Amino acid sequence: MKNVVVVKLGGSVITYKHKSARGVNTHNLERVIAEMAETRKNLVVIHGGGSFGHSVALKNKVQFGKPISNNKGASETMLSMLELNKVVLEEMLKNGFAPISFPPHSFVLDKRIKKPFWQIFERAISEGFTPVTYGDVVLDQKTGFTIISGDQLASQLAIQLKAETLIFATAVDGVYKDYKSKNLIEVVDQYTNFKSITKDATGGIKNKVEQALLAAKAGVNTLILNATKPGLLKKAILNEEVKCSKIVWRNHGIQTS
Ligand SMILES: Nc1ncnc2c1ncn2[C@@H]1O[C@H](COP(=O)(O)OP(=O)(O)OP(=O)(O)O)[C@@H](O)[C@H]1O
Ligand SMILES: [Mg+2]
């Protein structure tokens, strides 16, 4: 599809991810959705779990599936994500979007979005809706259920919909050499080394880079940027230059670090 921009809204932007209680960061949520609305582009929105996803998933060990976890824990996690999803949809509606929600547990099997399902996203866009989905617990052949991250969904959808741009909007400027130094790597490829420490249920920045590389390899313009900084997300959607990490796939084995 032409002119589609896929935006993954990090749970670290729209919630207070590192607090134990669930809470929406209303200030950031309102601003990023207003920025997206101002672009008037065809968007597909995926949001992360933040404080609504990771802690309940980790508490229930949902990422391991059965027998370590159980159905009740999986359902509890799905319900928590539905609650965050509702808040996102309501804010989008207020800003002039016609959001249409696709809960992954109803269409993702074994961590893959099959063709009939991503075609529904295309149909929704051509009808003027804005598809919204999110990191969730999904059914899995081996372990009964598993987690699919918002980052994985974002990358699969960007590839399948042949998006012009995929933006991972998060709470850091991009990929740092290591988190302490805050030394930003402006161009990240499959050979780039960086240090990542994560305690969340879906692999944090490491998983994000892996997913971003898949999209870059498929030819999608792919960025990781800081959406807690006003204006950055809007500029990136409009294809203007911003401070961020651009993710590229090298075909000829050039080492950059
Ligand atoms: N080398 C690194 N570069 C950048 N961020 C890093 C690095 N190492 C660890 N991090 C952490 O990774 C976080 C970004 O990934 P994280 O998965 O927490 O965010 P998110 O995807 O926005 O949230 P969610 O998974 O809830 O959607 C940063 O906020 C930072 O704390
Ligand atoms: Mg994440």
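I started with a helix pair in this predicted model: the axes of α2 (residues 26-39) and α4 (residues 71-94) come within 10 Å and cross at roughly 50°. Axes here are lines fitted to C-alpha atoms, for helices over the stretch in contact, with angles from 0 to 180 degrees between N-to-C directions. That angle makes α2 oblique to α4 (under 35 degrees is roughly parallel, over 145 roughly antiparallel, 65 to 115 roughly perpendicular, the rest oblique).

I then looked up the hand. The α2 and α4 crossing is right-handed (the near helix is turned clockwise from the far one by less than a right angle).

Next, the contact (heavy atoms within 4.5 Å). From α2 I noted L29, E30 and I33; from α4, V87, V88, E91 and M92. I sorted these residues into five nonpolar, no polar and two charged.

I turned to the whole protein. I found eight helices and 14 strands (DSSP runs: H or I of at least four residues, E of at least two). The radius of gyration is 17 Å, close to the 18 Å of the globule rule for 257 residues, so the protein is as compact as a globular protein of that length. The radius is over C-alpha atoms, and the rule is 2.2 Å times the number of residues to the power 0.38. The C-alpha atoms fill a box of roughly 45 × 40 × 35 Å along the principal axes.

Last, I checked the record. An unreviewed UniProt entry annotates residues 3-226 as "domain: Aspartate/glutamate/uridylate kinase"; such annotations may be inferred rather than shown by experiment. That span is 40% helix and 23% strand, with its end C-alpha atoms 22 Å apart.

Local features need pLDDT of at least 70, and side-chain atom pairs count only at pLDDT 80 or more. Residues are numbered from 1 along each chain as its sequence is written.

Key:
Chains are lettered from A and ligands numbered from 1 in the order in which they are written. Side-chain values use heavy atoms; hydrogens and water are left out. Ala, Val, Leu, Ile, Met, Phe, Trp, Tyr, Cys and Pro count as nonpolar, Asp, Glu, Lys and Arg as charged, and the others, Gly among them, as polar.
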